[in-house]
Amino acid sequence: MSFRSIPQLLTYSAILIAVFAVPVSAQPTLHDRIDAALSNGDPQFKKQAAASADDAMFLRRITLDLTGTIPPAEKVRAFVADSATDKRVQEIDRLLASPEYARRMQYVFDTMLMERHPDKHVPAKDWRNYLRLSFLENRHWDDLVQEMLTVDGTDEKTRPAAKFLLDRELKAEQVTRDLGRLFLGRDLECAQCHDHPNVNDYLQRHYHGLNAFLSRSYLFRDPKTKKTSIGEKAEGQVAFTSVFTKEEGKTAPRVLDLPEIPDPKIPEEPYKVKPAKNVRSIPVYSRRLQLADAITSTENQAFQNNIVNRLWALMMGRGLVEPLDMWHSDNPPTHPEVLKLLTTGLQEQNYDLRYLIRELALTKTYQRNSQQKADAKSTDKPDYRVGLLKPLSPEQLAWSMMQATGIKERTLNGLKAKKIKDDPQKGPKLTADARWQEEALHDALWRNVDSFTVTFGTVGAQSSRFDASANQALFLLNGPLIQSWLVPGGNNLTARLKKLESEKEVAEELYLAVFSRFPDESEITQVVEFLKASQQETHKGIPELVWAALASDEFRFNH
């Protein structure tokens, strides 16, 4: 039926109903707006932008970023063979809903907030479990920060969240600096004794304004339980003098250039619990408890910008502002429009980090090939025309090696068999649960992961730079842990490869297991030639082949 025949069949009123019933086109998604913003004003962008990553590259990248490990070989086969047009969206959603996602975020935020410093008052196990459960429940970022900055360590249920403050001993220099760096994206260390000599935006009052929230607080060690918590005095002001100009100043608590938060009128009795020997004092009015509200306030744009920038760096390989904790007017974001889109989206979704990570994963920008087009021009400014290479974190490297060599599968099968044997009635149902599997596997293999973090991790501010050391090379070259994973046994990778009939099959299974992709013809030829040259010592040839793949540059990076 043509459009012109409609008036012959409908009354005038019906026409109006039909016209106004047409749905208004939906607003473009955040991920579409991000892609559009990156190419705005550059007519050559689309022409020079790298093509989309193929299915195998995408699957490896998204699995590493969302779950901290490479996908199994059989998953790669199935995903590449799947003809569904929405399979990437489905895979992103599946990974985000998995318990492995919560574990990955546990690693990411533990490293970001505690920077691999040794334990002091709160065991790392308790703190990491707190983070993992928070991400399992998809608690929003402002809610988490509120809790971390308000708990005092006296309640065992919430004590793990106090690690951020307790393990820094409430030392003014470290706590103030880390509040600025990790929650505001500004390293104010050099503004403690004077305005920053190199960054005009960082002023002495900014440093001491943050310090004023905590200057009355102190660590209290309970003489009975021997546990440390946070006490606070009802008085104490913050004053400062510039060592350069001798100018004096004072400040109430404040966040950067936001208004000061004045103390209320001091009541006749300023304490809920008065100071005394072996007593943790508690004031009626707590400056420390104002910190979380001030940091997470909707007026505090720095808080929103900081977490958005860090998530962008996590997914894209570098921040819109680099270094992540040096945000100032002389080091502005490379793409202000993208930053605005992200912060607005985060606000609209009430600081839902899972939502923002999903939108980033859905962008064409994230899904681009890591190979630059031959005719694309290089620029000093990062323009995201190509997928950036990202070195694997120590945890990603550990879990990926255990996935590739078959250690994860072998361990999980053993754990499941033992549980079923111990509890024949409930065991089969319990061991089929994804969360039980993830937790049991982690508990069984965390010491292996710890070996990698000791060797490949760095204490202090984290960087996206790749720096290798002699200890790392020796660990990969002849470390007993990795060598033990290469000994053929059960159904591990080397055992599976030895059972295959042709060298071509070996090459395919090796590349799928280690690199999460099919080999090309030249790579198959290399494997075939290597195996033929070592056929007199097959028991050595295949383990050496697997080791070479695991120690390669390709395996160490997320493409």
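Over which residues does pLDDT stay under 50?

1. Confidence. This is a predicted model, so its confidence scores come before anything else. pLDDT stays under 50 over residues 1–24. For that stretch the model has three contacts beyond four places in sequence. The chain as a whole averages a pLDDT of 92, and 93% of the residues score at least 70.

2. Overall make-up. The chain has 559 residues, of which 50% count as buried. Its secondary structure comes to 28 helices and eight strands. Along the principal axes, the C-alpha atoms fill a box of roughly 85 × 80 × 60 Å. Among contacts with a separation of 6 or more, 69% are between residues 24 or more positions apart.

3. A residue to look at: Ile 34. Ile 34 sits in helix α3, which covers residues 30–39. Is Ile 34 buried or exposed? Ile 34 counts as buried because its relative accessibility is 0%, and the cut-off for buried is under 20%. Leaving out residues up to four places away in sequence, Ile 34 touches Trp 312, Val 338, Leu 341, Leu 342, Leu 360 and Thr 363. Thr 363 is 329 residues from Ile 34 in sequence, yet the two C-alpha atoms are 7.2 Å apart in space.

4. Cysteines. How many disulfides does the model have? The count comes to zero. Take Cys 190: its closest cysteine sulfur is in Cys 193, at 9.2 Å, which is too far for a bond because a disulfide needs the two sulfur atoms within 2.5 Å. Cys 193, likewise, is in no disulfide, and its nearest cysteine sulfur is that of Cys 190. Cys 190 is partly exposed, with a relative accessible area of 39%. Cys 193 also counts as partly exposed, at 36% relative accessibility.

5. Rolling a probe the size of a water molecule over the atoms shows where empty space is left. The structure holds one cavity of 30 Å³ or more. About 80 Å³ of space lies in the largest cavity. Which residues line the largest cavity? The lining consists of Arg 61, Met 315, Met 316, Thr 365, Tyr 366, Tyr 384, Val 386, Gly 387, Leu 388, Lys 390 and His 559.

6. By class, the lining of the largest cavity has six nonpolar, three polar and two charged residues. Arg 61 and Lys 390 are in the lining and count as charged. Gly 387 is also in the lining, and Gly is classed as polar.

How values were computed:
Residues numbered from 1 in each chain as written. Predicted model: local features only at pLDDT ≥ 70, side-chain atom pairs only at ≥ 80, totals over all residues. Heavy atoms only, no water. 1 Å grid on protein atoms, 1.4 Å probe; cavity = no way out; pocket = protein on both sides within 12 Å on 5 of 7 lines; lining within 4 Å. Points joined across faces, edges and corners; volume = space filled by probe spheres on them. pLDDT = per-residue confidence, 0-100. Contact = heavy atoms within 4.5 Å. Buried < 20%, exposed > 50% of the residue type's maximum accessible area, 1.4 Å probe, protein only. Helix = DSSP H or I, 4+ residues; strand = E, 2+ residues; numbered from the N terminus.
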